Amino acid sequence: MSDIVELSNYINGEWRQAICEHWIEDYAPATGALIARIPCSSREDVDAAVTAAQDASHGWASLSILERADWLDKIADSLEIRAEEVAQLESLDTGKPISLARSVDAARSVANFRFFAEQGREFQAETFEMSDATNKVLYKPVGVAGLITPWNLPLYLLSWKVAPALLMGNTVVAKPSEMTPMTASLLAEVMEEVGLPIGVFNLVHGNGLDSGAPLTSHPDVDLVSFTGGTETGRQVAKSASSGFKKLSLELGGKNATIIRADVDLENMMSSIVRASFLNQGQVCLCGSRILIHETIYDSFVEAFLEAVTDMTVGDPSDEETELGALISEEHRDKVLSYIDLAEEEGGDILCGGGAPIGIPSAFENGYWVSPTVIDGLAPDSRCATEEIFGPVVTLHPYSDDEEAIEIANMTDYGLAGSIWTADAEAGSLMAEKIDSGMIWVNCWLHRDLRVPFGGVKNSGVGREGGRWSLGFFSEAINICIKH
Ligand code: NAP
């Protein structure tokens with residue numbers, strides 16, 4: 001019992017329990033063990049956090065962007081000292097391998113604060129001259145930012161929103177996923193440690209309906225940045241729209257990985273496998289449909305299966321582990337139901353399809369699915385067009401570039417994709433015809449934080465990243481001064 005942590009909300013610089021004193025239980029995906037209890041916050045807790053954020057607004061907005069950039073660096077410094085703790089907590093809370101939690105989650109969370117600090121220092125106010133007047137563009141804070149994040153990359157995605165929100169002078173109320181609350185609490189500890197003015201950063205734990213929905217619909221929340229599933233995004237859009245809040249929605253994806261006939265398979269295979277299964281396939285950018293030129297179909301499948309079955313699945317705390325557990329029992333069952341559906345749709349399960357064989361007894365109650373490769377499905381089947389968000393990929397042959405593009409665009413999503421080819425120019429031309437926010441050629445998840453990030457179609461509304469984040473988290477105001 002003593003290992004079970006009780007987390008608190010962080011509101012107005014104080015650690016508080018939910019007013020209703022109800023709790024939500026948090027389980028370790030790898031073992032199914034109870035590891036934490038979090039406050040089951042409701043509207044009253046959200047109200048208190050929003051009031052605190054509103055009260056802190058004026059003071060925070062009155063700092064210069066350079067002063068706020070300095071605060072971001074202090075947060076980054078403090079987070080960096082605790083990077084190993086972040087990695088351990090993230091691995092425990094999400095079931096992901098510790099090596100991934102270190103190299104991506106912990107490192108990138110620090111990098112996000114540093115990156116936006118730098119963006120703040122480089123930020124130039126614009127002026128536009130007319131023959132008889134000067135236009136000055138100001139970027140004012142929007143006000144109170146409601147930030148809602150999912151469980152797959154908990155602190156990475158939270159820091160991606162908190163850093164630009166604070167930089168541009170907004171105060172924050174954050175609501176992380178109830179399934180991965182640990183590192184959001186650690187971030188609140190960091191805010192307290194560095195002495196961030198009280199009320200500038202507030203954290204409300206809880207579930208989507210009781211605490212997420214009151215936040216997105218709150219009349220005093222001026223901006224909502226949401227990352228999560230498309231259906232939830234629809235509800236968030238509805239609740240935020242009546243108050244004309246600024247809204248950014250980063251939603252689901254069903255991304256195509258296109259393998260052209262001229263691909264250098266030997267050198268590219270490990271990256272293609274990574275694009276398929278990183279974080280157990282629970283990255284919105286993962287390529288879950290692999291489209292393969294028909295002339296190399298058989299050789300690709302053989303080499304791909306060899307690489308996939310070679311991956312080490314198991315204990316997330318083991319340095320050698322490449323794939324860990326899925327986030328929850330419910331999510332595991334959803335993924336398995338798609339594998340059943342694939343069989344009903346005529347698919348052939350080439351590997352995986354259930355829990356890994358021989359998983360140690362300590363992990364028997366965890367939520368496991370081994371990497372699963374499915375062949376023989378129509379490209380417009382449900383399994384090939386709906387987001388599964390797990391370690392499952394479907395394989396599809398195509399005959400020419402036009403057909404590959406047609407299949408890639410055959411879903412309601414439009415988040416990302418990748419193209420693998422010896423002809424980078426042809427790959428780049430193909431990329432332009434794919435209806436997605438981000439396409440990589442001969443790489444995947446190769447991120448320059450200055451570029452726009454976001455999806456089209458049902459994958460989202462708006463862009464974050466670099467100057468797009470600075471624009472979203474501020475109100476551009478023009479002052480026209482006649483000479
Ligand atoms: P989710 O179920 O939509 O939840 C996302 C967040 O919204 C959680 O904090 C959730 O709280 C909260 N929430 C749920 N219902 C809400 C409501 N009615 N109002 C306000 N907030 C509400 O998504 P998820 O399962 O956590 O994450 C997986 C999804 O995120 C996938 O579809 C993935 O593609 C997408 N994703 C997209 C990106 C991107 O950048 N485009 C990045 C990462 C993930 P609770 O969890 O506590 O209920």
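## Second largest pocket

In this predicted model, helices α4 (98-122) and α15 (466-472) each supply at least two residues of the lining of the second largest pocket. The greatest contribution to that lining comes from α15, with 4 residues. The space in the second largest pocket amounts to about 270 Å³.

The residues that line the second largest pocket are Q119, E122, F123, Q124, E126, Y139, R467, W468, L470 and G471. Divided by class, the lining of this pocket comprises 4 nonpolar, 3 polar and 3 charged residues.

## Packing of α3 and α6

Two packed helices are described by the angle between their axes and the distance between the axes. For helix α3 (residues 83-94) and helix α6 (residues 182-194), the axes come within 8 Å and cross at roughly 155°. Angles over 145 degrees count as roughly antiparallel, and α3 is therefore roughly antiparallel to α6.

On the α3 side, the contact is made by E85, V86, L89, E90, L92 and D93, while α6 contributes M182, T183 and L186. The residues of the contact between α3 and α6 comprise 5 nonpolar, 1 polar and 3 charged.

## Three-stranded sheet

An open sheet of 3 strands is arranged in the order β1-β5-β4, and its pairing is mixed. Strands β1 (5-6) and β4 (23-27) stand at the edges; each has a single partner strand, so one side of each is left without a neighbour in the sheet.

The pairing of β1 with strand β5 (residues 34-39) is in the parallel sense and runs over 2 bridges. In this pairing, V5 stands opposite A36 in β5.

Terms used. Residues are numbered from 1 along each chain as its sequence is written. This is a predicted model: local features need pLDDT of at least 70, side-chain atom pairs count only at pLDDT 80 or more; totals for chains, interfaces and linings use all residues. Side-chain values use heavy atoms; hydrogens and water are left out. Two strands pair if DSSP finds at least two bridges between them. On a 1 Å grid over the protein atoms alone, a cavity is a set of points where a 1.4 Å probe fits but cannot get out, and a pocket is an open set with protein on both sides within 12 Å along at least five of seven lines; lining residues have an atom within 4 Å of a point. Grid points are joined across faces, edges and corners, and a volume is the space filled by probe spheres set on the points. Ala, Val, Leu, Ile, Met, Phe, Trp, Tyr, Cys and Pro count as nonpolar, Asp, Glu, Lys and Arg as charged, and the others, Gly among them, as polar. Axes are lines fitted to C-alpha atoms, for helices over the stretch in contact, and angles run from 0 to 180 degrees between N-to-C directions. Angles under 35 degrees count as roughly parallel, over 145 as roughly antiparallel, 65 to 115 as roughly perpendicular and the rest as oblique. Contact means heavy atoms within 4.5 Å.
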